[in-house]
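Please read it with the sequence and the coordinates open.

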Amino acid sequence: MPITIDPSKFTNLKVEAQDDGVWVVTLNRPSKRNALDIDTIEELVDFFSAAPRAGVLAVVLAGAGDHFCAGLDLIEHHDEDRSPADFMHVCLRWHEAFNKMEYGGVPIIAALQGAVVGGGLELASSAHIRVMDHSAYFALPEGQRGLFTGGGATIRVTDLVGKSRMIDMMLTGRVYGGQDAMDVGLAQYMVEGSSFDAAMDLARRAAQNLPLSNFAICSAVSHMQNMSALDAAYAEAVVAGVVNTQPDARARLAAFADKSAARVRPDVK
Ligand code: 1HE
């Protein structure tokens, strides 16, 4: 049953629907470098819980200002003087938000500029595609701050860059930018101009796929990574059974058969 998203109920996020089913979700505390306080996390939970049932075809996740996201709100964390149990529950809310993103079935394209650090990198790594511009840089400063990652970096950043690089980033505060960041897998695209414009192009392209195909791509692949190869192969067959027989696919298959559909060709630059 479809539900609606009311953009006016968000304050730390700016939420905007575009005509083509692409929604733009912008971290909107640039004066705090979009640091993630608990209210922002709750708004991420709200939006990404609703998105799969609200006709959202794709999301561009952006940060207002010169920096994508400075990670955990260190001032709030300092002022709250949290107990271990308090902070465990904070982290569980981060996981709620980021799992809704990774497993929710709606394609999310992160548009990155400036600092993508700590929890900001955990947030970016929960998106399905990361687009960086030349100003973007990536780091995990937790070690230097007397902290540890709590928003899934041990899983998702390790997935992107591998265990050794992840540990190096945390131990030494190593900062990756430019082509080095691309080479280690922190982003899939680096663009000359605006990462936002490029992310919008990718989101519009993804939004043209059938929603059920995108649901499978943006949930099943992640779920299958958590399974044994045997179980993943079984689950893949079940998902393909549902997706590959969807009635809406028949017109696309017919267009291929009558040669009116576009063929797969190399991108011409
Ligand atoms: C913040 C935060 C923040 C900025 N929490 N308020 N993350 C970090 O260790 C990164 C900390 N931030 C920085 O290193 C820098 O702020 C930036 C490189 C991101 C940007 O530098 P700059 O020179 O543009 O800004 P600034 O002057 O440092 O900060 C501007 C304001 O943003 C200032 O507030 P103001 O009221 O004094 O103007 C800063 O206090 C505020 N600000 N970053 C709170 N992070 C689930 S566990 C996850 C663990 C982590 O994420 S640890 C990594 C934390």
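**Note on the model**

1. Both faces of strand S2 are covered, with Val 22, Val 24 and Thr 26 buried on one side and Trp 23, Val 25 and Leu 27 buried on the other. Buried here means under 20% relative accessible area, with exposed being over 50% and partly exposed in between, for a 1.4 Å probe and protein chains only. Six of the six residues of S2 are buried, so the strand is largely enclosed by the rest of the structure. In a regular strand the side chains alternate between the two faces of the sheet.

2. On the basis of the model: this is a predicted structure, in which local features need pLDDT of at least 70 and side-chain atom pairs count only at pLDDT 80 or more, while totals for chains, interfaces and linings use all residues. Residues are numbered from 1 along each chain as its sequence is written, and side-chain values use heavy atoms, with hydrogens and water left out.

3. Helices (H or I, at least four residues) and strands (E, at least two) are DSSP runs numbered from the N terminus, and two strands pair if DSSP finds at least two bridges between them. S1 and S2 pair in the antiparallel sense over five bridges, and the bridge partner of Lys 14 in S2 is Thr 26. The hairpin of S1 and S2 has four residues between the strands, and in this hairpin Gly 21 takes a positive phi near 85°. S2 also pairs with strand S3 (residues 58-63), in the parallel sense and over six bridges, where Leu 27 has Gly 63 as its bridge partner in S3.

4. A further sheet deserves a separate point. This open sheet of three strands has the order S5-S7-S8, with mixed pairing, and its edge strands are S5 (115-117) and S8 (176-177), each of which pairs on one side only. Strand S7 (residues 137-139) and S8 pair in the antiparallel sense over two bridges, and the bridge partner of Tyr 137 in S8 is Gly 177.

5. Four aromatic pairs are counted, under a rule by which rings of Phe, Tyr and Trp (its six-membered ring) pair if their centres lie within 6.5 Å, with planes under 30 degrees apart counted as stacked, over 60 as edge-to-face and the rest as tilted. Phe 10 and Phe 47 form an edge-to-face pair, at 6.2 Å centre to centre and with 70° between the planes. Phe 10 lies in the segment before strand S1 (13-17) and Phe 47 in helix H1, so the pair ties together parts that are 37 residues apart in sequence. Both Phe 10 and Phe 47 are buried. The rings of Trp 23 and Phe 47 have centres 5.9 Å apart and planes at 50°, so this pair is tilted; the pair links distant parts of the chain, with Trp 23 in strand S2 (residues 22-27) and Phe 47 in helix H1, 24 residues apart. Trp 23 has a relative accessible area of 11%, and Phe 47 has a relative accessibility of 0%. Phe 10, Trp 23, Phe 47 and Phe 48 form one aromatic cluster.

6. A nonpolar core is a set of buried Ala, Val, Leu, Ile, Met, Phe, Trp, Tyr and Cys residues joined through side-chain atoms within 4.5 Å. The largest such core has 51 residues, of which Phe 47 and Phe 138 touch the most other members. Helix H1 (residues 38-50) gives the most to this core, with six residues. A second, separate core of 15 residues includes Val 22, Ile 109, Val 191 and Ala 199.

7. Met 166 has its place in helix H7 (residues 163-172) and is buried, with a relative accessible area of 4%. Leaving out residues up to four places away in sequence, Met 166 touches Leu 140, Thr 149, Ala 153, Thr 154, Val 157, Thr 158 and Val 161, contact being heavy atoms within 4.5 Å.

8. Which residues come nearest to the ligand? Of the 25 residues around the ligand, they are Lys 32, Ala 70, Leu 74, Gly 119 and Arg 145, a residue being counted as near if one of its heavy atoms lies within 4 Å. An N or O atom in the side chain of Lys 32 is 2.4 Å from an oxygen atom of the ligand, and a polar side-chain atom of Arg 145 lies 2.5 Å from an oxygen atom of the ligand.

Technical notes:
A polar contact is a pair of N or O atoms within 3.5 Å; within protein, one must be able to donate a hydrogen and the other to accept it, and residues adjacent in sequence count only if both atoms are side-chain atoms.
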